[in-house]
Amino acid sequence: MRIFILASVLVVSTLLPHPARAQEQESGNPYEEVFQPRAEPLIAPAARLDFSSPAWYSMFTNIPGDWVRTGQHTFRAGSVPTLAGIALLTGALMVVDHQTYDESRALTRQSETIHDASHIILHLGDGRTSFGIAAAFAIYGLAGDDQRALRTASQTVEATIASGVIVQLFKRITGRESPQMSTARHGEWRPFPSWSVYNRHQPKYYAFPSGHMTTAIATITVIAENYPEATWIRPVGYSLATLMGVSLVNVGWHWYSDFPLAFAMGYAFGMAAAHRLDWGTDDGNDADPVGFRLLPGGTGAGPGLTLAFCF
């Protein structure tokens, strides 16, 4: 892991803008120079980036607000076509899950190269990989006093944790078998397994949706939204995520139908973390976003801090 973090720091420092250039981009009107508004994306609306300096604890205190705002923007009239599309795509892939898994599994067994590569590539969606990338951005930001890199690090951790909790909730609700443990052609569904049973036999219940895909897309989204001038991030990131998805099917951890919802969730939580200014109120006012805040406080014993939830 130490070697990975050091390598990530080198990649970040090589590919991302120099701190002086980043500071120039954030001067004046950052919304015009760094981020150009575009059409409304899949689930979360995007218009402005949060250019404030992140507090060290914001990656944790922002999470409840991410859950609230993501729910508000997902379950609204404008999102119905998107939700319907995700459902239809999931259903279509589910029909052929057995055939696609059999083909992927047979190819993996025939090729030692594909077998070994699959077990390596699937780690791209591991939470430790996202935290390692966040650590690389944090080190780069601290070394060069680059606030944008520090925000990216904070938002990556925030999106990874926020989406990860919801993914675990979905897994424990749906209880879908992974291909490697399947007792039915498309995987048995055993909703609401007990906590102890799930923990003892996770491959029997953890397939839907894919946490690896959610984590990878959340990380890619945060980085791409913070560095919109680096247009290569999404094509490269999505290509790697596709290879990771194929690898997860190759090793029998997931079905292809586990990915559409996972992709949408990762995207939504990545956008929520990167665009807090757009999620305060629906009318666009700059109200304080939903989330926990550390506020000055105290008791008779002296001054202190108060943890408050703002909404």
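**Stop 1: the cores**

This is a predicted model. Start with the largest nonpolar core, which has 17 residues. Select Met213, Ile217, Ala241, Met244, Leu248 and Phe259, the members with the most contacts inside this core. Then colour helices α12 (211–226), α13 and α14 (259–274), the elements that give two or more residues to the core. A second, separate core has 10 residues, among them Ile63, Ile86, Ile166 and Ala264. In soluble globular proteins, nonpolar side chains tend to be buried together.

Now go back to Met213. Which residues does Met213 touch, leaving aside neighbours within four places in sequence? Show Ala241, Met244, Gly245, Phe259, Ala262 and Phe263.

**Stop 2**

Switch to a surface view. Select Leu124, Trp232, Val236, Leu240 and Leu243. Together these residues make a nonpolar surface patch of about 420 Å². Pick out Val236, found in helix α13 (residues 233–250). Val236 has a relative accessible area of 39%, so this residue counts as partly exposed.

**Stop 3: a buried asparagine**

Select Asn62, in the loop between α4 (58–61) and α5 (63–74). Is Asn62 buried or exposed? Asn62 is buried, with a relative accessible area of 7%.

**Stop 4: salt bridges**

The structure holds 7 salt bridges. Begin with Asp97 and Arg176, whose closest N and O atoms are 2.9 Å apart. Asp97 lies in helix α7 (residues 97–110), while Arg176 sits in the loop between α10 (147–174) and α11 (195–200). The two are 79 residues apart in sequence, so the pair ties together separated parts of the chain. Both Asp97 and Arg176 are buried.

Next, select Arg190 and Glu177. Their side chains meet in a salt bridge, 2.9 Å from N to O. Both residues belong to the loop between α10 and α11, 13 residues apart.

Asp126 forms a salt bridge with Arg128, with the closest N and O atoms 3.0 Å apart. Asp126 is buried, at 17% relative accessible area. Arg128 is exposed, at 51%.

**Stop 5: backbone details**

Hide the side chains and look at the backbone. Most residues other than glycine have a negative phi, and most peptide bonds are trans.

- Phe208 and Pro209 are joined by a cis peptide bond, with omega about -10 degrees. Pro209 is in the loop between α11 and α12.
- Asp145 has a positive phi of about 50 degrees, although it is not a glycine. Look for Asp145 in the loop between α9 (127–144) and α10. Asp145 counts as partly exposed, at 49% relative accessibility.
- Phe192 also has a positive phi, near 55 degrees. Find Phe192 in the loop between α10 and α11. Phe192 is exposed, with a relative accessible area of 63%.

Methods:
Residues are numbered from 1 along each chain as its sequence is written. This is a predicted model: local features need pLDDT of at least 70, side-chain atom pairs count only at pLDDT 80 or more; totals for chains, interfaces and linings use all residues. Side-chain values use heavy atoms; hydrogens and water are left out. Patches are made of residues with over 30% relative accessible area and no salt bridge: like charges are joined within 9 Å, nonpolar side chains (Val, Leu, Ile, Met, Phe, Trp, Tyr) within 5 Å. Accessible areas come from the Shrake-Rupley method with a 1.4 Å probe; for residues, only the protein chains shown count as cover. A salt bridge is a side-chain nitrogen of Lys or Arg within 4 Å of a carboxyl oxygen of Asp or Glu. Helices (H or I, at least four residues) and strands (E, at least two) are DSSP runs, numbered from the N terminus. Buried means under 20% relative accessible area, exposed over 50%, partly exposed in between (1.4 Å probe, protein chains only). A nonpolar core is a set of buried Ala, Val, Leu, Ile, Met, Phe, Trp, Tyr and Cys residues joined through side-chain atoms within 4.5 Å. Contact means heavy atoms within 4.5 Å.
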